[in-house]
Amino acid sequence: MSESPSAATRQVIAALAAPPRVEALGPIAGRFVHALRLIALHERLRRDPVPELAARLGSVEVAAKALIMAQAIAATWPENIAVSRFCCRLLSHDEATIGAFVDAAAQGDRRGVEAALDGLVRAERAHRRWDAALALTAAELRAV
């Protein structure tokens, strides 16, 4: 005879089924997810995203670092990165993972970055993502 799931199990399953919101991310990660969506949109349109990124992010340097970061992620991600629609406040699973490692990098937490990507991206490729995340964080802090 099968047992029905406990209340705690049902809560865990419900939490996994509910996508996280952009507001759950820190400011640098939230802005990067915004940039990532803009980059994806411009890529589909075959347009350069930097001018609009610079206008929306308020800095050419931040726009350039966001683009470099997006390219570093795309080069090491196991498949195409799933992004939500630009106006959506909910995060895709990829965006939530990327947001977690950008949040960790923004706090200088290399182990947090590694933990967010553990089992998803090979560890020997971590230096490129780490360096890009630190450069993005520095550019964001200079722009404040």
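Being four residues apart in helix 6, R110 and E114 are separated by about one helical turn, where helices (H or I, at least four residues) and strands (E, at least two) are DSSP runs, numbered from the N terminus. The model is a predicted one, in which local features need pLDDT of at least 70 and side-chain atom pairs count only at pLDDT 80 or more, while totals for chains, interfaces and linings use all residues. Residues are numbered from 1 along each chain as its sequence is written, and side-chain values use heavy atoms, with hydrogens and water left out.

R110 and E114 form a salt bridge, their closest N and O atoms being 3.7 Å apart; a salt bridge here is a side-chain nitrogen of Lys or Arg within 4 Å of a carboxyl oxygen of Asp or Glu. R110 is partly exposed, with a relative accessible area of 35%, and E114 is partly exposed as well, at 41%. In these terms, buried means under 20% relative accessible area, exposed over 50%, and partly exposed in between (1.4 Å probe, protein chains only).

Helix 6 itself spans residues 110–117, and its buried residues are G112, V113 and L117. Because these residues cover an arc of only 125° around the axis, they lie on the same side of helix 6, the arc being that of the directions from the helix axis to the C-beta atoms. On the other side of the helix, R111 and A115 are exposed. The buried residues pack against helix 5 (93–106) and helix 7 (126–143), where contact means heavy atoms within 4.5 Å. After helix 6 comes G119, whose phi is positive, near 85°.

R89 counts as partly exposed at 40% relative accessibility, and E23 is partly exposed at 46%.

Another salt bridge links R37 with E95, whose closest N and O atoms are 2.7 Å apart. Since R37 lies in helix 2 and E95 in helix 5, the pair ties together parts that are 58 residues apart in sequence. Both R37 and E95 are buried, whereas R89, described above, is partly exposed.
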